Amino acid sequence: MGKRVAVCAVAQIKNDPNYWHLRFQNMLHECFESIMEQTKVTFDMEKGIRTVITCSDDVFDARTISNNGVTDVVGAQFRGEEKMAQESINGLGYAMASILSGHDDVVLFMGHCKESQGESKKMVTNLAYDPFYCRPLGLDFVSADALQARAYMRKSGVTDTHLAKVVVRSRKNARKNPYARECALVDEQDVMSSPMLADPMREMHYYPDTDWAFGMLLCCEERVKEFTKKPVWISGYGSCMDSYFLGDRDLTSNFSLKNAAKRAYEKAGIKDPRKEINLFELSDHAAYQLPMWAEGVGIADEGKGGAWIDEGGMEKYNVNLSGGQLNGNPLLLGGAARAIECVLQLRGEAGDRQVKGAKKALAQAAYGGAGQHQAVVILEA
Amino acid sequence: MSLDFDRKDCFVVDGKLALPYTYFAGRMGSKFITTLRDEKKIMGVKCPVCNKVYVPPRQTCEVDMTDIRENWVELRNTGEVTNFTVIRYDDKHLPRKAPFILALIKLDGADSPFAHILEGIAPEEVKPGMRVEAVFAKATTSTILDIDHFEPARVSKVQVSEPAERTQAPAAAPRSKEEMEQDERRKAMSKKVIITAALAGAATMKNQNPAVPYTPQEFAEDAYKCWKAGAAMVHVHAREDGGMATHDHKRIKDTHDAIKEKCPDLIVNMSSAVGMGKTAEQRISQIIHVKPEMASLNTNTMNFSLVDRKSGKVFIDFVFENTFTMLQDFGKAMEEAGVKPEMELYDMGGLDNWLLISKQGFFTKPYNFNFVWGVAGGQAFRPDAFMTMKHALPEGANFTTCGVGTDQFPAITMSSLAGGHMRVGLEDNIRIPTGELAKGSYEQVEWAVKIAEIAGREVATPDEAREIMGLRKK
């Protein structure tokens, strides 16, 4: 185990389908003010924030160097400023690395995404593919995920009914989360009669377009008392990138997630996640991913995702009590949303969804079509 | 600050990211793409150490890091489906209208499957493991779409080994129910005739026929009468109050919108010629601004003059400029904006010009052409020239026709007999066949309806016209 990095404070706004009347700067500023208030951190060049990491995406924002649009509202002007143009959880890893390397001891980490701005999120993800072999075919994350869904469901005995259960539960859980997007409650029949989006994925199996922003303050172990009485520690982080072409991967193998989890567990000294970790927040932007990622982090047996749902695995391991990404977080920010939920749980601030005595939590993030890139963070009270 | 505040004055600004690029395909990619394009061969690369065959190709084996760039192998055009999905949504980045099948296909000779479109089979019939074969594209795009799609293999491996099966003639590729239904609908409907009224043009003035519309209101009234008489589409050049053809965006949009408001059902086809002496930018920017369902796309640079038909005396000499670059840029801009181009053919050369540019692959089917007869600078109407043009069209293309002055009615009669559509209107001719001034474009529409009756053709409604011409209602 290495040195530890503390999350001193987290802030977020409520997930919303369309904050048309808010610029993303407004959304971030709200979080920024909250972090300032919670921690009383300053921008003093000796003792305050000298490094700010932001997470945003040029294409989602329709702005080259998208961070340029927000540096002033997050206090990044005249300071070290870096942008994570990838899944937000990697920004957490980046902030952790800055602190562990001794390059800085306090880092502000902010992120935003307004999916409502663009006409088509599918077009945005189509641009993630190369212009010769994949993009002309119209491949996007929905179609890539659908291909993975079919292969995974066949392997793990996951049925349309199982997916309906995942959706129903996600929306029910989200009702207990004041920051969750407001989605209508549904029953299994509603889900199973929802139209096909890309077979075997139905429209309700896929997360809805969402606007959201967040902030986090991180610092080194030595200075944590200056900012909070209830620090949450990052004790492990791991990430892994799988092959680019869908055909080069075994879409059901969870190769990159298993690797990412293995690295995070090693760092955090976790031998059996089923026994040692009290809650799991998984980035299930499509319903099939909940059991699949559960297999990947080792809380469901390989190839048994369907049975795991039947046996109450989601409740047994406290998976996605927040509603998960399926209920609605921006794709880019699913990991930060997962980590923030873990922090609230570990601080005992998760209200009606609180897991009593939670000491260790796992946040996972997936990015790229069919979970190509995976990252796992272990957080401890 | 609160996230909830008075939103009365909140304003939302429209924007767009649209940035053309050129990408180097890479040394491996270049060979793959040019071989696919020029020789209709699909190439992979084989790792000499682990024997894995990669497609699309790359220069390093990801398993053992061996340099494999020189180790090209030719793959077969057949393979098997390993996985698939059915895309049920329409979007601008998609190569087909929904629903279509996107499959992972492992070619014979390759170890890794790659994604491609699967056609000729209903989604519920697709099974992993089924045999498929590549269908190469007629026009190249220099991408993976030089394979247009895959379809069920006509003779599968299993059938080859079973004599009983082999004696049967290979069956035509099965097509999905929806596709067959759509084809049937198109066929049935192409018997129907679309009547277009070109309400004003750029040059016909009230002193020639007082019924020529100038104001948005006059256009709307006139369009309404034409629709009542049987027209499915109107072709519009907007005018100023004084009658001059205008490129002013507001005036053009007002004219378009007035017609749509009065007559929401009707298809509005806008001119990208606008009038004499307009710049290329003035001509295309208004189309992109207004985004009508359809717009004219002119195919050749030509004389477009006023010459006295009896004496041959030149009144006004004008060169109508439509360079290849304009044909390309206007066409692309329209396709990108969702405006269906109607290709204006003033002679066979115009069609050849379009066929050349269309090799770039950006024009979407079905293609719609208009044969224009009798322009001073173009060709006069002749039945055999008409049939020659018709035979030279791409398969499945729609055509309509219009003629200037006395060419109008003979040309549309010919078209109605040859399976084409008809355009009338004061833009082309101010009279009806009796020689009297037309009371409006609508009176010519009434004549066109009579011609259709004689030719045994039913008149298409606007929605039927949309189906035939591949328009999306706005």
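With 29 C-beta neighbours inside 10 Å, Gln408(B) counts as buried, a residue being called buried if 20 or more other C-beta atoms, placed from the backbone, lie within 10 Å of its own, exposed if 12 or fewer do, and partly exposed in between. The model is a predicted one, in which local features need pLDDT of at least 70 and side-chain atom pairs count only at pLDDT 80 or more, whereas totals for chains, interfaces and linings use all residues. Residues are numbered from 1 along each chain as its sequence is written, and chains are lettered from A, with ligands numbered from 1, in the order in which they are written.

Gln408(B) belongs to helix 11 of chain B, which spans residues 408-417; helices (H or I, at least four residues) and strands (E, at least two) are DSSP runs, numbered from the N terminus. Leaving aside residues up to four places away in sequence, Gln408(B) touches Cys402(B), Gly403(B), Val424(B), Asp428(B) and Asn429(B), contact meaning that the C-beta atoms of two residues, placed from the backbone, lie within 7 Å.

In chain B, strand 18 (residues 368-373) is largely enclosed by the rest of the structure, because six of its six residues are buried. In a regular strand the side chains alternate between the two faces of the sheet. Asn368(B), Asn370(B) and Val372(B) point one way from strand 18 of chain B, Phe369(B), Phe371(B) and Trp373(B) point the other way, and all are buried. Strand 17 (residues 340-345) of chain B pairs with strand 18 of chain B in the parallel sense over four bridges, where pairing requires that DSSP find at least two bridges between two strands; Leu345(B) has Phe371(B) as its bridge partner in strand 18 of chain B.

For chain B as a whole, the secondary structure comes to 13 helices and 20 strands, and 42% of the 474 residues count as buried.

In chain A, nine strands form an open sheet of mixed pairing in the order 3-2-4-7-1-8-11-10-9. Its edge strands, each pairing on one side only, are strand 3 (80-84) and strand 9 (279-281) of chain A. Strand 8 (residues 232-241) and strand 11 (residues 373-380) of chain A pair in the antiparallel sense over eight bridges, and Met241(A) stands opposite His373(A) in strand 11 of chain A. Helix 8 (residues 255-268) of chain A lies across strand 8 and strand 11 of chain A, running at about 150° to strand 8 of chain A, with axes taken as lines fitted to C-alpha atoms, for helices over the stretch in contact, and angles running from 0 to 180 degrees between N-to-C directions.
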